[in-house]
Amino acid sequence: GCKNILFGQGCGLIKSDYATAGTVQSSTSTSILSVLLDDSGFYDLGTIEFTSGVNNGITRTVKSYTKGEFGALSSISLAVPLVTACSYLDTFNIYPGCNKSLNVCTTKFANTDNFRAEPFVPAPESVV
């Protein structure tokens with residue numbers, strides 16, 4: 001995979017350009033329901049930063065994201081639980097994640113020029 005850190009200096013992307021604002025509709029310490037329109041998986045391995053309420057200023061890694069279908073709320077699963085669940089209408093910014101693959105770098109971020117990996121170098125055992 002890519003050796004760069006997403007939104008780090010080598011990556012060259014600006015984190016704030018990828019922020020999506022959201023509002024909590026329902027919450028537990030490990031999951032949040034909200035109205036988000038991106039496809040399922042878009043925020044997997046990303047981060048969520050709370051901008052109001054009891055969790056204001058706290059950031060967590062997004063374990064998985066599932067888009068709500070047919071008007072249902074989207075579900076955000078957190079990798080590490082919150083000490084206190086969010087309240088209705090607390091706000092947050094959520095950022096997409098990167099699995100460090102060339103496909104994600106190309107299709108999700110259009111950042112192939114800064115991709116730092118060797119996806120086309122064969123494994124040592126296949127050279128012989």
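Reader: Which backbone oxygen does the side chain of S34 reach, and at what distance?

Author: The side chain of S34 reaches the backbone oxygen of T23, at 2.7 Å. A polar contact is a pair of N or O atoms within 3.5 Å; within protein, one must be able to donate a hydrogen and the other to accept it, and residues adjacent in sequence count only if both atoms are side-chain atoms. This is a predicted model, in which local features need pLDDT of at least 70 and side-chain atom pairs count only at pLDDT 80 or more, while totals for chains, interfaces and linings use all residues. Residues are numbered from 1 along each chain as its sequence is written, and side-chain values use heavy atoms, with hydrogens and water left out.

S34 belongs to strand β2, residues 31–34; strands (E, at least two residues) and helices (H or I, at least four) are DSSP runs, numbered from the N terminus. S34 is buried, because its relative accessible area is 0%; buried means under 20%, exposed over 50%, and partly exposed in between, with a 1.4 Å probe and protein chains only. Apart from neighbours within four places in sequence, S34 is in contact with G22, T23, Q25, L73, S74 and F92, where contact means heavy atoms within 4.5 Å.

The aromatic rings come next. The whole structure holds six aromatic pairs. Rings of Phe, Tyr and Trp (its six-membered ring) pair if their centres lie within 6.5 Å; planes under 30 degrees apart count as stacked, over 60 as edge-to-face and the rest as tilted. In one of the pairs, the centres of F7 and Y18 are 5.7 Å apart and the planes stand at 45°, so the pair is tilted. Both F7 and Y18 lie in the segment before β1 (20–27), eleven residues apart. F7 is buried, at a relative accessible area of 17%, whereas Y18 is partly exposed, at 22%.

F7 also forms an edge-to-face pair with F109, at 6.4 Å centre to centre and 90° between the planes. F109 lies in the loop between α1 (102–107) and α2 (124–127) and F7 in the segment before β1, so this pair ties together parts 102 residues apart in sequence. F109 is buried, with a relative accessible area of 4%. Together, F7, Y18 and F109 form one aromatic cluster.
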